[in-house]
Amino acid sequence: MKNLYCSLFGHDFKVSKNVTYHVKEYKCKNCKTEMTIDGNGKFIPLTPKFKEINSVLHRVHNKRLEKGQKLFMLDL
């Protein structure tokens with residue numbers, strides 16, 4: 001029934017995870033389909049390969065943010 005709703009009216013995607021400022025993971029509110037943004041900015045299904053890529057990207061992004069904050073605190 002949930003897939004029928006999405007087939008008729010389209011998916012209702014909500015952001016489920018912010019990977020970086022421009023890369024996010026989305027999940028349909030009705031059918032739980034997961035999507036993400038690839039390197040070209042296209043909306044694609046979230047496969048295990050892209051889940052792993054997003055987790056590494058999230059980890060690298062957070063480390064850079066932490067490093068920038070430490071440098072900022074040293075400058076004060």
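**Strand pairing in the predicted model**

Phe-13 has Cys-28 of strand 2 as its bridge partner. The structure is a predicted model, in which local features require pLDDT of at least 70 and side-chain atom pairs count only at pLDDT 80 or more, while totals for chains, interfaces and linings use all residues. Residues are numbered from 1 along each chain as its sequence is written, and side-chain values use heavy atoms, with hydrogens and water left out.

Secondary structure was assigned as DSSP runs numbered from the N terminus (helices, H or I, at least four residues; strands, E, at least two).

Together, 4 strands form an open sheet with antiparallel pairing in the order 1-2-3-4. Strand 1 and strand 4 (43-45) each have a single partner strand and stand at the edges, so one side of each lacks a neighbour in the sheet. Neighbouring strands are turned against each other by 35° on average, direction ignored, where axes are lines fitted to C-alpha atoms, for helices over the stretch in contact, and angles between N-to-C directions run from 0 to 180 degrees.

The pLDDT, the predictor's confidence in each residue from 0 to 100, averages 89 over the chain, and 89% of the residues score at least 70. Confidence is highest in strand 2, at 96, and lowest in helix 1 (residues 2-9), at a mean of 85.

Methods:
Two strands pair if DSSP finds at least two bridges between them.
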